[in-house]
Amino acid sequence: MSSSQLTKIRSLLKSRFPSEVLFSFAYGSGMFKQANTEEIYKVKPPTIDFIMVVPDLKNFHSMNLRENKVDYSVMSRIMPTSALSWVNSVGSGCLFMHFKEGKQSFKYGVIDEQTFLSDMMNWDKFYISARLQKPVQILVNDANPFEFDAVLRKNRRGVLAFSILTQQLSGKKIHLSTLFKDITQLSYNGDPRVSLGAENRSKVKNIVEGNFEGFKTWYNDEVRRLEDKEIFRVESNNMVQVTCDDYQRAALFNDVPYNILQKVHNDPSVLLLGQGGYTTPEAVEKLIPSLKKEMENRVRWTNLKSYTTFPLVLPVGKTISYAAEKFRKGLMSKKSLPNK
């Protein structure tokens, strides 16, 4: 996306929505080019997606209903804003709505600051945190840039460590794109849309291959940190040699949100992994299936709960249109796959 288009989006955000936005970012195919999607977007250009973090959902919806009433369903217009704020907190904690400016479609999500920070630090819902494990375009970060920058780094650091541990990369040489695909895949494992065919089957591959340089930039500081710890050795051709002894493996566990480890295993010796303890490859191997299953469950239940709110807050036409578009992309990607 060009700088002039980005400026227009920032201006639109400031002029259209209440001013109490603390942090906002754009993401997805409308912002970053994805590989092998030319045919899919010949019919219709990609929607531009962005999310806004606000201090108080009730205040935001009160003001936004006055200014942008058409974004809401009839049901959400008549319910009390306190009830609408509760609906907003269900599932992912992020309520999505749609609008159009000319021929361009936009989808925006709203999440409160406390839910945002908790998911970023602890992966409670693994929704907003998963979004920010892929490159995004920051639109607003004026309220407390140091705090938000710190949680962005912690989130990237955590998923990088999680991927290295669960994919058992120690002693292996891989391409950086393989690591980025593993990270991106985490947010789709367990997603009901994937099993229903309402998602491009090559989406993870397209996301990474279409924006590989963006991923490198997004994870640059975290990769350099692992190089300093002698866990990574990155070569000029983007190949990475991964090396982990027990001490280095423990350092990686310390980067994974502690409550994830606590959830999958109640053995005190395992709980120490998140508190500076050390572990062996054998112990890690035993944990891997449980770690993967826990993340899949979080993705599945967060999405299922979120889908139940669509009829309450989205106009029926927009809900049907959104679902149809997802299935269209899934069908087109299925047709494009080579026959076996």
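Author: A crossing is called right-handed if the near helix is turned clockwise from the far one by less than a right angle. Keep that in mind for this predicted model.

Reader: Which way does H9 cross H11, left-handed or right-handed?

Author: H9 passes H11 in a right-handed crossing.

Reader: What makes up the contact of H9 with H11?

Author: On the H9 side you'll find Ser177, Phe180, Lys181, Thr184 and Gln185, and they meet Val204, Lys205, Ile207, Val208 and Glu209 in H11. Sorted by class, that's four nonpolar, three polar and three charged residues.

Reader: And what about H14 and H17?

Author: Helix H14 (residues 246-255) packs against helix H17 (residues 281-307) at about 35°, with the axes 10 Å apart. Here Asp246, Arg249 and Phe253 of H14 meet Pro281, Val284 and Leu287 of H17. That contact has four nonpolar, no polar and two charged residues.

Reader: How do you know whether Asn141 is buried or exposed?

Author: Asn141 sits in strand S5 (residues 137-141). Its relative accessibility is 16%, and the cut-off for buried is under 20%, so Asn141 counts as buried.

Reader: What makes the pairing of Asn141 with Asp149 a polar contact?

Author: Their side chains come to 3.2 Å, and the cut-off is N or O atoms within 3.5 Å. Asn141 also touches Leu22, Phe23 and Phe148, among others.

Key. Residues are numbered from 1 along each chain as its sequence is written. This is a predicted model: local features need pLDDT of at least 70, side-chain atom pairs count only at pLDDT 80 or more; totals for chains, interfaces and linings use all residues. Side-chain values use heavy atoms; hydrogens and water are left out. Helices (H or I, at least four residues) and strands (E, at least two) are DSSP runs, numbered from the N terminus. Contact means heavy atoms within 4.5 Å. Ala, Val, Leu, Ile, Met, Phe, Trp, Tyr, Cys and Pro count as nonpolar, Asp, Glu, Lys and Arg as charged, and the others, Gly among them, as polar. Buried means under 20% relative accessible area, exposed over 50%, partly exposed in between (1.4 Å probe, protein chains only). A polar contact is a pair of N or O atoms within 3.5 Å; within protein, one must be able to donate a hydrogen and the other to accept it, and residues adjacent in sequence count only if both atoms are side-chain atoms. Axes are lines fitted to C-alpha atoms, for helices over the stretch in contact, and angles run from 0 to 180 degrees between N-to-C directions. Lists of a residue's contacts leave out its neighbours within four places in sequence.
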